[in-house]
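This briefing gathers computed features of one protein chain, grouped by topic, for a reader who wants to check each of them against the coordinates. Please read it with the sequence and the structure side by side.

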Amino acid sequence: MNYLSAENLGRNLGERWLFKNLTFGILQGEKVALIGTNGCGKSSLLDVVAGLIPPDEGIMSIRKDIKVGYLNQNPHFIPTNTVLETLFSSKNETTDAIKNYENAVTHNDLEGISKYTEIITGLDGWDYESKVKQILGKLGVHDFDKLMGELSGGQQKRVSLAKVLIEEPDFLIMDEPTNHLDLDTIEWLENHLSSSNITLFLVTHDRYFLDKVCNRIMELVDSKIYRYVGNYAYFLEKKAERAEVEAATLEKDKNLLKKELEWMRRQPKARTHKATYRENAFYELKEKTSGKRNDEKLELSVKSERIGNKIIEIQHVSKSYNDKAIVKEFNYTFKKGDRIGIVGKNGMGKSTLLGMINAEIKPDQGRVVKGETIKIGYYKQDGLEFEPDQKVIESVREIAEFIKMGDGREISASAFLTLFLFPPAVQYASIAKLSGGEKRRLQLLKVLIENPNFLILDEPTNDLDIATLNVLEDFLIGYGGCLLVVSHDRYFLDRIVDHTFAFEGDGVIKDFPGNYTDYRLWLEENIKNSKKEKNQTTSVPASKTDQENTPKRKLTFKEKTEFDALEKDLPELEKTKAELTEKLSSGSLTFDQIAEISKKLEDTVNSLEEKELRWLELSEWA
């Protein structure tokens, strides 16, 4: 069943076409990711698909009998509404029935009460509020009565995400859904979307998320869409093959052009009528081979200042806000070549620690001592500050007219901007006209041209395209100074860091020797061991005094039978979940098979969660 049909779509910005002649479709059950470089029109295309802006050319249609949800990058709310009021303002059958029921109760309308009771029961709507609160809790929103105007941009994005998930649309459109989410929440969302049979169309730069959730990739390049049926790993493999074919075709065309050129030159000058078809073919071939290839790459190569023996020492640092411990008695001495990632839930104090290291925030106790040779470059997540009419090149020349490169050369600000994929036409345009990702790239450039030897990056991956992320990662792997990075991008962390500061709550920071995946595996193993020890402890006979004072709860025969069955069922369900997930990622399924397996996976995950909770409950008494 076709959910979306787009034919020859175009979006004109006035001075240029953002995209033109795009034709594609999305079928029921597909989970489609749209990827491409910053500024190529991904967010604008989502806005067109969601009906927020009309296309300047072409026809776009969505099946009429389906419910569509849209999560955009910058959600808008009524600031005086509470979180719950915002969520219950959604227009759907369940919320309408609940509102009508409450209105009937208020006016003692017995007929209305009976009518809407039946409707709510039919919609399974009595647990709607608990479902709303459960999803909010999973997304880290716990103050349901807080006004929307009092929430940060990241919290508003979470409420917006909760809103679209609660509405349970048939077709969900999402623009950077993982931005502003912590790692635990991203993993929950990843599992939620991959196990549901919802149809998705999304833009994201999170490569692990792409690999696990999506079964089809669309790449937007030079107003063309390339389609790949499979997950992100499959896309990378097929894109590499396509690049080889294109390179071979170009080389073949150039050889043919050379032969055609020789033929053109060999013809007698006096002959005025050469073979017309040969002439036409020659000019077509010339245009084809002289066309600009889309293989420009961002180059990062800057000189960093010499780094001395003493770098930065964090000595017994503590910080609290409103009696809440953010950092408690933390010590660390940075060494040459340190590459440290910082992880933890939102609001635990990751950015506060960075602020104390950069001397922007004063600790309540302890101190941060910086070495004399240390020059910090600080990339902040709150974005680039600029004057509304300031040109791109002016913002760079404020810092330096010439930039020192890693190989010792000095190049002009304009040449350096060109290396960062800001061509001359863009350099003299207003910063306000840049896309979100282009502004982020400019912000990174302004940090690097200061030649820092201690680099602090606070959520550097937000809004950057995958191509830019790959090059940034390559640069950071070869970076000679110290690196301290906060990021929710697991792929990014796994590639560039070998040490982790994990914020575990109550001001405790775990100093772990390994990358993010290493830390997660260690954490999972610890949780398993803790459960095992707890079970062993509960099975140890209590002392005579404890037995006399504490009533002992035993399993009934029925519960014992249930417990034994659960211990057999859980491994089978885990195995089924893994098999279904692998099938979805194979890239060889039909659309009907995708929908069928997605539904089975959703049912399996739900069953697994229920049985795990029941097993934990029974294991306390077993």
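Predicted model: local features only at pLDDT ≥ 70, side-chain atom pairs only at ≥ 80, totals over all residues.

A residue is called buried when its relative accessible area is under 20%, exposed when that area is over 50%, and partly exposed in between.

- Strand β3, which spans residues 31–35, is mostly covered, with five of its five residues buried.
- In a regular strand the side chains alternate between the two faces of the sheet.

**The hairpin of β19 and β20**

- Strands β19 (residues 499–505) and β20 (residues 508–512) pair in the antiparallel sense over five bridges, with I509 in β20 as the bridge partner of F503.
- The hairpin has two residues between its strands, and D506 takes a positive phi near 55 degrees there.

- Helix α1, made of residues 42–49, is mostly covered, as six of its eight residues are buried.
- The buried residues of α1 are K42, S44, L45, L46, V48 and V49, and just after the helix G51 takes a positive phi of about 85 degrees.
- I431 is found in the loop between α14 (424–427) and α15 (436–448), and this residue counts as buried because its relative accessibility is 0%.
- The C-alpha atom of I431 is separated by 9.6 Å from that of L384, a residue 47 positions away along the chain.

**Salt bridges**

- The count of salt bridges in the model comes to 23.
- R490 and E190 meet through their side chains in a salt bridge with an N to O distance of 2.7 Å.
- This pair links distant parts of the chain, with R490 in helix α17 (residues 490–496) and E190 in helix α7 (residues 183–194), 300 residues apart, and both R490 and E190 are buried.
- K319 forms a salt bridge with D364, in which the closest N and O atoms are 3.4 Å apart.
- K319 belongs to strand β10 (residues 312–321), whereas D364 is in the loop between α11 (350–357) and β13 (365–370), so that this pair, 45 residues apart, also links distant parts of the chain.
- R397 forms a salt bridge with E401, with 3.7 Å between the closest N and O atoms.
- R397 counts as partly exposed because its relative accessibility is 36%, and E401 is partly exposed because its relative accessible area is 44%.
- A network of salt bridges links R207, E473, D474, D489 and R495.

**Surface charge**

- A negative surface patch is formed by E85, D143, D145 and E150, and of these residues E150 is found in the loop between α5 (128–138) and α6 (153–167).

- Most residues other than glycine have a negative phi.
- H316 is a residue other than glycine with a positive phi, near 50 degrees, and H316 is found in strand β10.
- With a relative accessibility of 44%, H316 counts as partly exposed.
- E329 likewise has a positive phi near 50 degrees while not being a glycine, and E329 lies in strand β11 (residues 324–333).
- E329 is partly exposed because its relative accessible area is 41%, a value that lies between the cut-offs of 20% and 50%.

Definitions and conventions:
Residues numbered from 1 in each chain as written. Heavy atoms only, no water. Patch = residues over 30% accessible without salt bridge, like charges linked within 9 Å, V, L, I, M, F, W, Y side chains within 5 Å. Areas by Shrake-Rupley, 256 points an atom, 1.4 Å probe, with all protein chains shown as cover. Salt bridge = Lys/Arg side-chain N within 4 Å of Asp/Glu carboxyl O. Lys, Arg positive; Asp, Glu negative; His and termini not counted. Charge placed at Lys NZ, Arg CZ, Asp CG, Glu CD. Helix = DSSP H or I, 4+ residues; strand = E, 2+ residues; numbered from the N terminus. Buried < 20%, exposed > 50% of the residue type's maximum accessible area, 1.4 Å probe, protein only. Pairing = 2+ DSSP bridges.
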